[in-house]
Amino acid sequence: MAHFNTTPTPLLRLDGASVSWALTIIDRTDICHHLDTWRRVDGYDPTKGGRPKSVNDRTILALYLILARSGQPMHLTTMTTLLASPDTTDMALELLNLPSRDRARRVGDSYATQHNNWYHRLWRALHSFLDVVDPFDNIPHRARLTRAEFNRLMDEQDPERHEEKWQRATYVFNELVMASTEDMPEEYRANWQGDLTLDGTLIPGVRRGNNRWTNRPDDLMSSEPEAGWYSRDGQQETHGENKRTRNAKHVWGWEATLVAGVIRDQGPYEQPHLIMGMAFDRPSHNPAIRGLQAMRHLTDDPTTPKGVVVGDRAYFAVAKTKDFHEPLRKKGYTLVGDYKSNQLGQRGSFETMSLVEGHWYCPAMPKPLVEATEDFYAGRIDEATYNQRINERRAFAMRRKGKDLSGESQRFMCPGRGKGKTLACPLVEKSQRQDARDRGLPSISGPNLSTARNGKGKCCTNRDSVTIPNKEGMRYRQTGPAFKTPEWKKVYGTWRNVIETRNDYVKNNRGGAAIGDHTRRPVRGFAAAFFYTALGVVAANVSMIRRFLGRVDRDEKTPPPGTRDPQPPRDPAREKASPNAPPAQHVA
C-alpha cells in the first residue's frame, strides 16, 4: 500500500497553463482514438456497463507530460501529491476532466484526505494504457520469476500479437515525440531539410539483472526479465548475455534508438536539433530493424523532405542491406557511414569500375590510392601522405549524372569525359583528350592505363554514361561525400556528435526528465520503460525549444563556431592499431 504525507508540499504548480500545454501535445495526435479502437479489438465491450473510469487515457498522459517537463521524478505518489496541493487550480482539474476540489469534498472523495484512492485510480489508469501497447503483457513484475517460468511464458506468447503490440507502442510514443516538435514555430521547422542521424543508447533498468554466467532453470530472473545486458570494456561495446568479459562494465537495461533531425544552418540563435523518432529493445537486438522503425513515420511520409542519414557501424557496416540500406535508398535518402577494419579498400566492381570505400572509381586508379586507408590504419603511411592520397582519389571518381528518382539505379560518367572532367585519359575521344591537356589535368599512363584498356568496361567504351544498378555494392556504397575527405568528416562528424549529445541530453537532468536515473521511473517492464523514455524525449525537445525561443526573444546570438571542423567520434581500437591515426574529437 502506498503511504503519503498528509500535508504534501507541491513540487510544481498544476494550473490551467501547464495542463493546456500537455493537452495540446496529446490532441495533436490521434493516440486516444487508437487506444479506444485497440481495446475493442482486444475484446473490451463498453456496452456491458460497469463503473466509468475516474482517470482516462488523456488525463494520465497529460499528468505524466507535466511531470516530465518539470524535471520531477515521474512517480504516481508525486502525481497524487500534486492533485492534493492547495496550489492546484480548479481550472486545471476541469481541463483534466477531474472533479473540482469542492465537488470531490462533498462526496467524501477529497484529494487532500483520500490519497490512497486517488493513487490507485492513477495506477489503474497508467496500467490500462500500458496494457494496450505492451508486447510482454503476460509477464508479471510483482515478483521475480525463475528462468523456467519466464521461458514458459515467452513460449506461450502469440508471435503475431506480440509484434502487433510492439508496433502499437512504437506508433504511440513516436506520435508524442513528433507532437512535441510542433512547439517549435513553423518558420523554424521549415529549416530542417530531411537530414537524420540515429544511434542506440543505454537506458538502465533495475540494478539486479539475470545471471550472466549460468542458465539453470531455477535461476531467479530480474524483476524486468525482458531487458538485457549491456557491457562495455575499455575499448568497445559488447552486448548480450553470452558475452563473458568479466573485466567489463555490465549494466542491466534497455536500448533506446533515438533519431535526431539535423539542422544544417542553425542560424545566429543556434536552432536546436530536435529528436524526431525513437524505438526500443534490449541492448544490441536488431539495431538496424529498430533504427528503421524509429524513422518509419518520417520515411513513409511523402511530404517529409529526404536528406542525409548517418549512423555508426552498427547500422551502416553491419546491418543487412534489406533491413537498412535498401529501404532508405528507395525512399530517396543519402547514406553516409563508417566501415569496419575488414571492409576497407576495394569491396566490389562493376564493368571494371572499382567500388572503393563507398564510391565508384575509374579502373585506372593506382593501387596506392585504392589501399590508402588500409595502409594508414596499418601504420605504413603517415597522416599527411594519407590525406594527400585521399585527395588524389577525387580525379579518378566516377561522376554522378542526373538524379535517380526510382531508387533502382544511378548513371555515372567517366572522369575523363564531359565539361567537369578531372583526368586526361588516352582512351577517350581526341577532343576530350585535348581539352584535358589544355586544362592541365593529370594524365593516365603505364600499367594503370593498360588495366583500363584490357578491361574494356562500359565506363571506357560508352561515350555518354554507364548505369549502375543500386543493388551493386549495396552494403558498402555511400551516396554522400567520398570516405575520409574533409567533406565526409564534416558530415559524419557533425551528424554523429549531434546524436551523441541528444542521447546525453535525454538521460541527464539538463533535458528535464533524467531518464538515465532508473529511480525516477519506478514502474517496471518493457512498455513502462519505453513510455518513460518517450516522456524524457518529449521533455528534452520542449526544453531545447524553450531555451532557443528564449534566446530569440532576448536577441542573444550565439558566437560563431570555431574554425576546426567536427571529427567523427573517437575509435580506440583503430588508434591502438595505428600510431599515425588522425586525432579524434571527444563527443560532448
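A charge sits over a ring if NZ of Lys or CZ of Arg is within 6 Å of the ring centre and within 35 degrees of the ring normal. The model here is predicted.

| Arginine | Tryptophan | Distance from ring centre |
|---|---|---|
| Arginine 121 | Tryptophan 118 | 4.5 Å |
| Arginine 290 | Tryptophan 166 | 4.1 Å |

In each row the arginine lies over the face of the tryptophan.

Tryptophan 166 also takes part in an aromatic cluster. Ring pairs link Trp166 with Tyr64, Phe129, Phe136, Phe173, Trp254, Phe280, Phe526, Phe530, Phe531 and Tyr532. The count of aromatic pairs comes to 26.

Next comes a sheet. Strands E8, E9 and E10 form an open sheet of three strands, in that order, with antiparallel pairing. Strand E8 (346–350) and strand E10 (359–361) are at the edges. Each has a single partner strand, so one side of each lacks a neighbour in the sheet. From one strand to the next, the twist averages 30°. Strand E9 covers residues 353–356 and is joined to E10 by three bridges. The two strands run antiparallel. Within E10, histidine 359 stands opposite valine 356.

Elsewhere, strand E12 spans residues 409–413 and contains glutamine 410. Is this glutamine 410 buried or exposed? Its relative accessible area is 14%. Buried means under 20%, so glutamine 410 counts as buried. Glutamine 410 and valine 466 are 56 residues apart along the chain. Their C-alpha atoms are separated by 8.4 Å.

Notes. Residues are numbered from 1 along each chain as its sequence is written. This is a predicted model: local features need pLDDT of at least 70, side-chain atom pairs count only at pLDDT 80 or more; totals for chains, interfaces and linings use all residues. Side-chain values use heavy atoms; hydrogens and water are left out. Helices (H or I, at least four residues) and strands (E, at least two) are DSSP runs, numbered from the N terminus. Buried means under 20% relative accessible area, exposed over 50%, partly exposed in between (1.4 Å probe, protein chains only). Two strands pair if DSSP finds at least two bridges between them. Axes are lines fitted to C-alpha atoms, for helices over the stretch in contact, and angles run from 0 to 180 degrees between N-to-C directions. Rings of Phe, Tyr and Trp (its six-membered ring) pair if their centres lie within 6.5 Å; planes under 30 degrees apart count as stacked, over 60 as edge-to-face and the rest as tilted.
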